Amino acid sequence: MFKVSQEIRLNTNAAGSLGQAIGDGSDGNSPESVCIFGRYQRTPDADAYPTEPPQVYIAPELTDAGKVQLLHLPSGAVRINSKVSFIIKRNGVKGNFDVRLENPSGQHGPALQLDQLDPERFQVQCHLTQAGLYKVHIKCNSVPLPKSPYIIVTIAGAAPAEANIVSSSPAMPIFDSDASKVHSRGLGLTHINLLERNEFTVDGSSAGSNMLYVGILGSEGPCEEVVVKHMGRNVYRVMYQVREPGNYIIVAKWGEQHIPGSPFRLISE
């Protein structure tokens, strides 16, 4: 602590009576002792510093609320009795968030619950039961966000029923066919020529009504070119060309079923 100062006054008027004081045999124990330099007198401790208990002042942490982001807040009108959720992203800002909802009547509800998704994000959900303007008040360390309060507009009316929405995509027809009655022939099913187009024929005239699917896959990926041409009466001409040697697989399906011999395995050299 502080050291108390003392004041010393020099009385030079008594210096002349030095010899007389010594001759009188003074013992020097009086309040005013005498020496060859004069008389010294100690004054009371009038300038002593007050001794009060120390006080520590704690300032709140500086908060840059402008860095906080609000994500997925509805920008358009929502219908009443809807649940709205949005995300608060702190972006490195430390502190506690306080989120409160003000309904269109001007009444403030309790603090909304914050669900922590990760150290940087919080999710907030609220239920909107009235039509009008809702205000979302958000504070970080008692500091409001720059754009707070945020506005959510609610309107009356029921949402359109999904059952009344008719799909425009047509239904897939059901075919009556038998893939085992499909016949295939041609050199393109047994040999691969790297210099010219390869061909084979698929005859489904006795297999009923359905669609033909043809795919060719090599070691480097799908075949570069495959052409399927309908010649009439469910007879198809298939042409393909490959440029890289290797192993290839030809898949031919009549509807959802493989035709006899599919998949075909070939090697080009």
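Good morning. The structure is a predicted model, in which local features need pLDDT of at least 70, side-chain atom pairs count only at pLDDT 80 or more, and totals for chains, interfaces and linings use all residues. Residues are numbered from 1 along each chain as its sequence is written, and side-chain values use heavy atoms, with hydrogens and water left out.

I begin with the chain as a whole. The protein chain contains one helix and 22 strands; helices (H or I, at least four residues) and strands (E, at least two) are DSSP runs, numbered from the N terminus. Of its 269 residues, 26% count as buried. Buried means under 20% relative accessible area, exposed means over 50%, and partly exposed lies in between, with a 1.4 Å probe and protein chains only. Among contacts (heavy atoms within 4.5 Å) between residues at least 6 apart in sequence, 61% join residues at least 24 apart.

I turn now to the open sheet. Four strands form this sheet in the order S14-S15-S19-S18, with antiparallel pairing; two strands pair if DSSP finds at least two bridges between them. S14 and S18 (225–232) are the edge strands, each pairing on one side only. From one strand to the next, the twist averages 20°; here axes are lines fitted to C-alpha atoms, for helices over the stretch in contact, and angles run from 0 to 180 degrees between N-to-C directions. S18 is joined to S19 (residues 235–241) by seven bridges, and Lys-229 has Arg-237 in S19 as its bridge partner.

Arg-185 counts as partly exposed because its relative accessibility is 49%. Which residues does Arg-185 contact, leaving aside its neighbours within four places in sequence? They are Phe-200, Thr-201 and Asp-203. Arg-185 also lies 6.7 Å from Val-202, C-alpha to C-alpha, although 17 residues separate the two in sequence.

Next come the salt bridges, each being a side-chain nitrogen of Lys or Arg within 4 Å of a carboxyl oxygen of Asp or Glu. How many does a search of the whole structure find? The search finds four. In one of them, Arg-197 meets Glu-225, with the closest N and O atoms 2.7 Å apart. Arg-197 lies in the loop between S14 and S15 (198–203) and Glu-225 in S18, so this pair ties together parts that are 28 residues apart in sequence. Glu-199 forms another salt bridge, with Arg-237, at 2.8 Å between the closest N and O atoms. Because Glu-199 lies in S15 and Arg-237 in S19, the pair ties together parts 38 residues apart in sequence. A further salt bridge joins the side chains of Arg-100 and Asp-98 (3.0 Å, N to O).

Elsewhere in the chain, S7 and S8 form a hairpin with five residues between them, and Gly-106 in the turn has a positive phi of about 90°. S7 (residues 97–102) and S8 (residues 108–111) run antiparallel, joined by two bridges. In S8, His-108 is the bridge partner of Glu-102.

Is Leu-133 buried or partly exposed? Leu-133 counts as partly exposed, because its relative accessibility is 49%. Thank you.
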